[in-house]
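Welcome, and thanks for opening the viewer. Follow the stops below in order, selecting as you go.

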Amino acid sequence: MQFEVFTLLPEVFPSYIDTSIIKRARERGLITVRVHNIRDYTHDKHHMTDDTPYGGGGGMVMKPEPIFEAIESVLGVDASFDDSLEEREASAQDVKIPIILLTPQGRVFNQSIAQELSQHDRIVLICGRYEGFDERIREHLVTDEISIGDYVLTGGELPALIMIDSISRLQPDVLGDPTGAQDDSHAMGLLEYPHYTRPPEFRGWKIPEVLLSGAHAKIDKWRREQALLRTYKKRPDMLEKADLSKEDKKFLEKLKNEEEREVRETSDEE
Ligand code: ADE
């Protein structure tokens with residue numbers, strides 16, 4: 001997997017990508033992160049990458065020329081396309097490289113988008129600064145827009161690092177444990193079950209007995225139920241999309257009934 005990052009702040013990236021799992025993945029050649037300074041693709045004396053908006057108003061807007069030139073130069077192709085959505089899709093398919101604009105206006109990033117993007121060999125991430133981008137970048141260059149959540153940051157650099165991190169750990173061999181990413185929260189549509197390590201008793205708090213039993217089927221069942229319980233309590237919205245077995249549904253039904261009974265009992269007491 002090769003990440004091509006376009007930014008006005010390349011200095012933001014080295015410390016994170018030179019650390020821990022991402023560093024090892026890079027050293028082992030499993031991923032490559034190339035960071036390109038958009039300013040290197042300007043031709044005027046002041047290396048301008050932004051300008052005032054037509055029509056007035058506050059803030060500066062990122063100019064189209066350096067971004068188009070930077071991406072076309074790095075990819076070695078004419079990446080731009082004309083109007084219609086069909087053409088836009090055709091162009092994206094032709095180049096086969098997602099050209100992603102990081103913006104609070106994009107689709108909200110999640111594990112399934114990370115999985116979808118992890119299937120590509122190469123991804124372009126464009127980080128914005130200032131008030132916004134010249135709209136022609138959206139209309140004629142990018143194939144996707146991604147937001148990391150409904151809040152506004154000062155730029156796309158942190159969102160790009162977040163995407164690099166979550167997509168990298170899905171690449172084969174990046175995690176030491178080959179099944180490492182399978183049980184993650186969100187990977188199976190549920191929050192992950194609780195973990196415990198030594199000591200078995202800490203300040204009087206014991207770990208659940210079943211984890212010491214060595215009975216793998218029992219432990220698997222307990223973990224599945226804990227994942228369901230957590231998701232039910234913390235993120236019930238996720239249960240609507242989760243892939244649930246008959247037993248899962250039965251367990252959730254039981255939880256719901258217990259909860260309803262408790263509500264009835266407390267209102268009876270009042
Ligand atoms: N740039 C600024 N805010 C952002 C967000 N929430 N997601 C992606 N890019 C951004």
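Start by selecting R203, which counts as exposed because its relative accessibility is 69%; exposed means over 50% relative accessible area, buried under 20%, and partly exposed in between, with a 1.4 Å probe and protein chains only. Before going further, note that this is a predicted model, where local features need pLDDT of at least 70, side-chain atom pairs count only at pLDDT 80 or more, and totals for chains, interfaces and linings use all residues. Residues are numbered from 1 along each chain as its sequence is written, and side-chain values use heavy atoms, with hydrogens and water left out.

R203 sits in the loop between β9 and β10 (205-206). Helices (H or I, at least four residues) and strands (E, at least two) are DSSP runs, numbered from the N terminus.

Now jump to S20, in helix α2 (residues 20-27). S20 is not a glycine either, yet has a positive phi of about 55°. With a relative accessible area of 45%, S20 is partly exposed.

Then select R198 and P199, which are joined by a cis peptide bond with omega about 0°. P199 belongs to the loop between α7 and β9. As background for this stop, most residues other than glycine have a negative phi, and most peptide bonds are trans.

## Second stop: helix α7

Select residues 157-168 to bring up helix α7, which has 12 residues. From its first C-alpha to its last the helix reaches 16 Å, close to the 16 Å expected at 1.5 Å a residue; the expected span is 1.5 Å times one less than the number of residues.

Is α7 largely enclosed or largely open? The helix is largely enclosed by the rest of the structure, because 9 of its 12 residues are buried. To see them, colour E157, P159, A160, L161, M163, I164, S166, I167 and S168.

Move to the loop between β8 and α7, where you will find D150 and Y151. D150 is exposed, at 72% relative accessibility. Draw a distance from D150 to G132: the two are 18 residues apart in sequence and 16 Å apart in space, C-alpha to C-alpha.

Y151 is partly exposed at 44% relative accessibility. Patches are made of residues with over 30% relative accessible area and no salt bridge, joining like charges within 9 Å and nonpolar side chains (Val, Leu, Ile, Met, Phe, Trp, Tyr) within 5 Å. The areas come from the Shrake-Rupley method with a 1.4 Å probe; for residues, only the protein chains shown count as cover.

How many salt bridges does a search of the whole structure find? The search finds 15, each being a side-chain nitrogen of Lys or Arg within 4 Å of a carboxyl oxygen of Asp or Glu. Here are some to select.

- D144 and R107 meet through their side chains at 2.6 Å, N to O. The pair links distant parts of the chain, with D144 in strand β8 (residues 144-147) and R107 in strand β5 (residues 99-108), 37 residues apart. D144 is buried at 14%, whereas R107 is partly exposed at 31%.
- R169 and D184 form a salt bridge at 2.5 Å, N to O. Both are in the loop between α7 and β9 (201-202), 15 residues apart. R169 is partly exposed at 24%, while D184 is buried at 12%.
- R224 and D248 pair with their closest N and O atoms 2.7 Å apart. R224 lies in helix α8 (residues 216-234) and D248 in helix α10, so the pair ties together parts that are 24 residues apart in sequence. R224 is partly exposed at 26%, and D248 is buried at 5%.

## Last stop: a charged surface

Finish on helix α10 (residues 246-269), where E253 lies. E253 is partly exposed, with 42% relative accessibility. Select E253 with E258, E259, E260 and E262 to show a negative surface patch. Here Asp and Glu count as negative and Lys and Arg as positive, while His and the chain ends are not counted. The place of a charge is taken as NZ of Lys, CZ of Arg, CG of Asp or CD of Glu.
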